[in-house]
There are 2 protein chains.
Amino acid sequence: MRVTIYDVARDAGVSLATVSRVINHSPHVKESTRRRVQETIERLGFQPNLVASALTTKRTRLMALLIPSITNPACAQVAWGVEETAAEMDYNCIICNVGADPKRQAHYVNILIRKGIDGIIFSTPSYDDGLVLDLSRRSYPLTLMARDVPAAQVNRALTDDKAGGALAAQHLLELGHTSFLLVTSKEEVLQERARGFVETIRAQNLDVIPVEAKGSDITAGLDAGVRLLSLANRPTAVFATTDLLAIGIIAAVHCMGLDIPRDLSVVGYGGLIEPEAMQLPLTTIVQPMRDMGKAAAQLLFDTLQEGREPRQVVVEPKLYIGGTTGNPSR
Amino acid sequence: MRVTIYDVARDAGVSLATVSRVINHSPHVKESTRRRVQETIERLGFQPNLVASALTTKRTRLMALLIPSITNPACAQVAWGVEETAAEMDYNCIICNVGADPKRQAHYVNILIRKGIDGIIFSTPSYDDGLVLDLSRRSYPLTLMARDVPAAQVNRALTDDKAGGALAAQHLLELGHTSFLLVTSKEEVLQERARGFVETIRAQNLDVIPVEAKGSDITAGLDAGVRLLSLANRPTAVFATTDLLAIGIIAAVHCMGLDIPRDLSVVGYGGLIEPEAMQLPLTTIVQPMRDMGKAAAQLLFDTLQEGREPRQVVVEPKLYIGGTTGNPSR
DNA sequence: GTATAATGTGTAAGCGCTTACAATATGTGT
DNA sequence: ACACATATTGTAAGCGCTTACACATTATAC
């Protein structure tokens, strides 16, 4: 039988309430009493049962992270950040691989609430807006990442995709490029990256040739690369709105015997591919996913702790200069 | 105010106990009563508070996974498997990135116990044997992965590294190789892989040249590759006990203008490197980490559910044939 | 119809902790 | 020494659920 607060109280000759106060660092305890109780706690090896305390305080010190899949490196980075700051706050982090199915999400959320989980971080691209809105209305603590549900009263950890696109443009401009290709697909986030890129280039009175990819993976990149090569006036720089697109483009270009970065500079977006994993490390806009996770957890913790109204944090992307960009050769 | 079992009881005109029985699918309820209560539960939208029930049943339906870091792809695979089967059992999975510090592990374990977590899966290479032994003695449900604490009464999900090494040998033998190099470092698990390899080769009255690497990463592989090239009688096949070693060897060999697999066949071990991530997909022994995770969670669940005494499961490695092995050219 | 065994339901005592409120002790100023 | 404010501690009522036990209702057997 585990030792309870009751055992401590009896052994130390005080009431339950006093022991509870000592555990919770209440200021209303005489110093000498505190010491005596503390000594008993240690001697008996008493460990407060947090399930019992959760029943009265309604705080389990547990938060959950909903992601499509932990095996996705971006998700893993987020999870790392979340778990890390959660641990700093004495919180633990429950991981839920919800895939892309809204029903699974709803099912998880339901169980999490029943288990008394204090708050949830949504880091799923395709969550059900209704679910989030409903939770928000019942003022259940939430943090949304990277995607928005406008009407909801929730915390948000946002990326600045437009700034990322601008960063890419700036880098290429500084290298002296004057002709640009933009490869992107139609997804909203990617469009935002594209927008930042185009606006920055246009601000210099230069122009961008847009190429729409049929997706955002390597094969779509390969395809775009082939199209690039067939252009009459080949640009000297390409901005692809995902790293995989960039890698596809590079592969296609390599096949045709062109040299990177001599003949073509390529900038990707994401930063999750280990530079060591590539022959030529990719120059890319790094989305600091771990920082996003940390921010998300911190926001959640703040509303949990102080009932503070929801806030939002923007995590800025960074430029990583690899070996795929250089001065234009012409 | 959330609706409680009490509200349901009053509304349905039965006692708390009966509602509880209905929730828990107790057989001692008349069918008509069950229906009436069920209807009330649905009408009122009652959701049982699992914190309260955990207080009496001592079951939170929460399990924890201790890993060095979720950003390590092997850990992510394990976590995926664990979370997946946990979810099937209505369990949730708490992730703890404990790094390599035994103190952090102990700290996590302490908090997990206080929070009433039902069981823990240790998937950390360097855990503290004393900690595991202590928990095992207090018969706290545990599953150990890939590493052992001999005296402990715990579940184990084990890899068969020797069989993996044998698999590699068999593959190369079938291709017709007769001269072999073995590259490994001194870690126990890797030695086991090596043992399986060597024994299988020796069983054919053939011999293996051993090369000790200074570690198990790419640079150690590069180094081993250079040594390989300087051998008078160069073998036609190499078995490296980790994928990173294999990749280093391949890089070194490529540098010297040799062709793989024409001049040299290479087999790695691990299988966590996406084949698409390499120019030439690596032939390797795949350690099915996700299956390991699933097995670990299932074992834990079984002891949780039925108080069954600890068991162990061996997850067999598989051969993945990439492009780095072929028939010997001589 | 009565004794006996199921079967179904209710009562009440927890699970281990928190916390409002009451009670007591201690200190202050006069 | 007395009235009153303040610091400390205790009492007891929960938090929302489970479950042993008692009790009431059948059903079964004779």
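Me: How many bridges join strand β1 (residues 62-67) of chain B to β2(B)?
Reply: In this predicted model, β1(B) and β2(B) run parallel. One pair along them is Leu62(B), whose bridge partner in β2(B) is Asn92(B). The number of bridges joining the two strands is 6.

Me: Which helix does the chain pass through between β1(B) and β2(B)?
Reply: The two strands are parallel and joined by bridges. The chain crosses from β1(B) to β2(B) in a right-handed β-α-β crossover. The helix on that path covers residues 73-88 of chain B and is α5.

Me: Are the residues of strand β2 (residues 92-97) of chain B buried or exposed?
Reply: Asn92(B), Ile94(B) and Cys96(B) point one way from the strand, and Cys93(B), Ile95(B) and Asn97(B) point the other way. In a regular strand the side chains alternate between the two faces of the sheet. For β2(B), both sets are covered, and 6 of its 6 residues are buried.

Me: Which residue in β2(B) stands opposite Cys93(A)?
Reply: Strand β2 (residues 92-97) of chain A pairs with β2(B) in the antiparallel sense. That pairing extends over 3 bridges. Opposite Cys93(A) stands Ile95(B).

Me: Why is strand β6 (residues 179-184) of chain A described as largely enclosed by the rest of the structure?
Reply: Buried here means under 20% relative accessible area. β6(A) is largely enclosed because, of its 6 residues, the number that are buried is 5.

Me: Which residue is the bridge partner of Leu182(A) in β7(A)?
Reply: β6(A) is joined to strand β7 (residues 207-212) of chain A by 6 bridges, and the two run parallel. Together with helix α9 (residues 188-202) of chain A, these strands make a right-handed β-α-β unit. The partner of Leu182(A) in β7(A) is Pro210(A).

Me: What distance separates the centres of domain 1 of chain A and domain 2 of chain A?
Reply: The domain assignment of chain A gives domain 1 as 5-57, domain 2 as 62-156 + 289-314 and domain 3 as 161-287. Taken over C-alpha atoms, the centres of domain 1 and domain 2 of chain A are separated by 33 Å.

Me: Which residue caps the N-terminal end of helix α4 (residues 50-57) of chain B?
Reply: A side-chain oxygen of the capping residue lies 2.8 Å from the backbone nitrogen of Val51(B). Just after α4(B), Lys58(B) takes a positive phi of about 60 degrees. The cap at the N-terminal end is Asn49(B).

Me: What share of the atoms of DNA strand C that come within 4 Å of the protein is sugar and phosphate?
Reply: DNA strand C is surrounded by 27 residues, and Ile5(A), Ser20(A), Thr18(B), Arg21(B) and Thr33(B) are the closest. Sugar and phosphate account for 65%.

Me: Which residue has a polar backbone atom 3.3 Å from a base nitrogen of DNA strand C?
Reply: Some contacts go to phosphate oxygens: a polar backbone atom of Ile5(A) is at 2.5 Å, and a side-chain N or O atom of Thr33(B) is at 2.4 Å. The base nitrogen, by contrast, is 3.3 Å from a polar backbone atom of Ala52(A).

Me: Which element gives the largest share of the surface near DNA strand C?
Reply: By class, this surface has 10 nonpolar, 13 polar and 4 charged residues. The largest share is 4 residues, and it comes from α4(A).

Me: Which element gives the most to the surface near DNA strand D?
Reply: Of the 27 residues around DNA strand D, Arg21(A), Thr33(A), Thr56(A), Ile5(B) and Ser20(B) come nearest. The element that gives the most, with 5 residues, is α4(B).

Key: Residues are numbered from 1 along each chain as its sequence is written. Chains are lettered from A and ligands numbered from 1 in the order in which they are written. This is a predicted model: local features need pLDDT of at least 70, side-chain atom pairs count only at pLDDT 80 or more; totals for chains, interfaces and linings use all residues. Side-chain values use heavy atoms; hydrogens and water are left out. Buried means under 20% relative accessible area, exposed over 50%, partly exposed in between (1.4 Å probe, protein chains only). Two strands pair if DSSP finds at least two bridges between them. A crossover is right-handed if, with the strands pointing away from the viewer, the path from the first strand over the helix to the second runs clockwise. Domain bounds come from an automatic or database domain assignment. A polar contact is a pair of N or O atoms within 3.5 Å; within protein, one must be able to donate a hydrogen and the other to accept it, and residues adjacent in sequence count only if both atoms are side-chain atoms. A residue is near a molecule or strand if one of its heavy atoms lies within 4 Å of it. Ala, Val, Leu, Ile, Met, Phe, Trp, Tyr, Cys and Pro count as nonpolar, Asp, Glu, Lys and Arg as charged, and the others, Gly among them, as polar.
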